[in-house]
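Here is a short briefing to read alongside the sequence and the model. Take a moment to get your bearings, and then we can walk through it topic by topic.

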Amino acid sequence: MTSYHSADVDRNVVECDIFNSFLMKENCVTLLKNFVTDWVPIFWDLEYLAKCTLGQTVTVKVGQPYTGNHVPTESECSFQKQDLGEFFRFLKTYQDSSTFHYAGYTHLAMLLNTAQQFHAFDWSWAGLKDVGSAKSTLWAGTAGSFTPCHKDSYGCNLHAQLIGCKEWLLWPPECNLHSSRLPYEESSTFSSVDVLDKAYKDSAIRIVTTPGEVLFVPKHWWHLVRNMETSVSINTWVELPTDSLDRLQEAITRLLVCGLKRSGVSENWINPGEEISSLREDEMLLKQAIAQCKGNFSFKDVSKRIAAVNSIII
């Protein structure tokens, strides 16, 4: 059974390969302290971030802030395109508490200006020697911006706080938060219950990350995340051996949902920020997923994942 407890770990008391020597063995939510205090990006401010981007356009979610009593749905928010550099400058001066602005899930490889900046995001301190900017993602937003309660399809998550602070509410995979793939978003399964209801909220692990801290989220843990103030953070998902089965399940889900959408199903089935792929693209993803599973997993393992796709209609 997955551990339900959280732990604080200081860099001074563990060996350098913390990912393999500790995190994967314990498999519990872990707040890592003093691990990235000498990491170059920790010293970057909003103005520097504005200057080092490549003029790329990002999708910004805008809506009413999550206050701790109500989490707006994605359909209650609007989405707009904005230059990332301008967005960082906007974050410096924004003070309107009635709305939030959030640019999440932005791939760093598309955004950084120089090789020096690109190589600054180096996760080797955790024992992950081949993980850098190319496999890292940016999250930036105003106070009250959030990601709704969900669990990620692939890997485990290392999330480093650079600017501001962020509140996490987390539940282990065994906690029944009623999985649903509707509205559909690639590689995310949402909870269909009000996790701020006392019965659910009281069972959550609450953690606040501050600059220089890294949160380890094990595979398939539920999490609801809120920026308590203007916040910038970076994460990477570390691939695990079972991800091939998850990609198969994800490819089948995408094939079904995008097919229904192309046939004219209600927009409420798709998250506003999600792009609908073509049938050819969906078939190619499915073939790739099958090839990754072939010879590595039993027929029984594959059958379970195919059967699990029925969660999209819950």
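Let's begin with Asn-227, which is buried, with a relative accessible area of 1%. Please keep in mind that this is a predicted model.

**Around Asn-227**

- Asn-227 belongs to strand S14, which covers residues 222–227.
- What does the side chain of Asn-227 make a polar contact with? The partner is the side chain of Ser-145, at 2.7 Å.
- Leaving out residues up to four places away in sequence, Asn-227 touches Tyr-102, Gly-141, Thr-142, Ala-143, Gly-144, Ser-145, Cys-165 and Lys-166.
- The relative accessible area of 1% falls under the 20% cut-off, which is why Asn-227 counts as buried.

**Strand S15 and its partners**

- Strand S6 (residues 137–141) pairs with S15 in the antiparallel sense, over 5 bridges.
- In that pairing, Ala-140 stands opposite Val-232 of S15.
- Strand S8 (residues 156–163) also runs antiparallel to S15, and 7 bridges join the two.
- Here Cys-156 is the residue that stands opposite Val-238 in S15.

**Salt bridges**

- How many salt bridges are there? The count comes to 9.
- One of them joins the side chains of Arg-206 and Glu-167, with an N to O distance of 2.7 Å.
- Arg-206 sits in strand S12 (residues 205–209) and Glu-167 in strand S9 (residues 166–171), so this pair ties together parts that are 39 residues apart in sequence.
- Is Glu-167 buried or exposed? Glu-167 counts as buried, because its relative accessibility is 8% and the limit is 20%.
- Asp-202 and Lys-198 form another salt bridge, and their closest N and O atoms are 2.8 Å apart.
- Both Asp-202 and Lys-198 are exposed.
- Glu-239 and Arg-247 meet through their side chains in a salt bridge of 3.7 Å, N to O.
- In this pair Glu-239 is exposed, at 57% relative accessible area, while Arg-247 is partly exposed, at 24%.
- Glu-47, Arg-89 and Lys-92 are linked in a salt-bridge network.
- In general terms, side chains of opposite charge can pair when their charged atoms come close.

**The second largest pocket**

- The second largest pocket holds about 480 Å³ of space.
- Its lining is made up of 24 residues, and those nearest the centre are Pro-72, Thr-73, Glu-74, Pro-148 and Ser-191.
- Which elements give two or more residues to the lining of the second largest pocket? They are strand S7 (146–152), strand S10 (179–185) and strand S11 (188–191).
- S10 provides the largest share of this lining, with 3 residues.

**Positive phi angles**

- Most residues other than glycine have a negative phi, which makes the next two residues worth a look.
- Tyr-105 is not a glycine, yet its phi is positive, near 55°.
- Tyr-105 is placed in strand S5 (residues 100–107) and is partly exposed, with a relative accessible area of 41%.
- His-220 also is not a glycine and has a positive phi, of about 70°.
- Where is His-220 found? His-220 is in the loop between strand S13 (214–217) and S14.
- His-220 is partly exposed, with a relative accessible area of 24%.

**Gly-212 in its loop**

- Gly-212 lies in the loop between S12 and S13.
- Gly-212 is buried, at a relative accessible area of 6%.
- Gly-212 and Gln-161 are 51 residues apart in sequence, while their C-alpha atoms are 5.9 Å apart in space.
- Setting aside neighbours within four places in sequence, Gly-212 is in contact with Leu-32, Asn-34, Phe-35, Val-36, Ile-42 and Gln-161.

Notes: Residues are numbered from 1 along each chain as its sequence is written. This is a predicted model: local features need pLDDT of at least 70, side-chain atom pairs count only at pLDDT 80 or more; totals for chains, interfaces and linings use all residues. Side-chain values use heavy atoms; hydrogens and water are left out. Two strands pair if DSSP finds at least two bridges between them. Helices (H or I, at least four residues) and strands (E, at least two) are DSSP runs, numbered from the N terminus. Buried means under 20% relative accessible area, exposed over 50%, partly exposed in between (1.4 Å probe, protein chains only). A polar contact is a pair of N or O atoms within 3.5 Å; within protein, one must be able to donate a hydrogen and the other to accept it, and residues adjacent in sequence count only if both atoms are side-chain atoms. Contact means heavy atoms within 4.5 Å. A salt bridge is a side-chain nitrogen of Lys or Arg within 4 Å of a carboxyl oxygen of Asp or Glu. On a 1 Å grid over the protein atoms alone, a cavity is a set of points where a 1.4 Å probe fits but cannot get out, and a pocket is an open set with protein on both sides within 12 Å along at least five of seven lines; lining residues have an atom within 4 Å of a point. Grid points are joined across faces, edges and corners, and a volume is the space filled by probe spheres set on the points.
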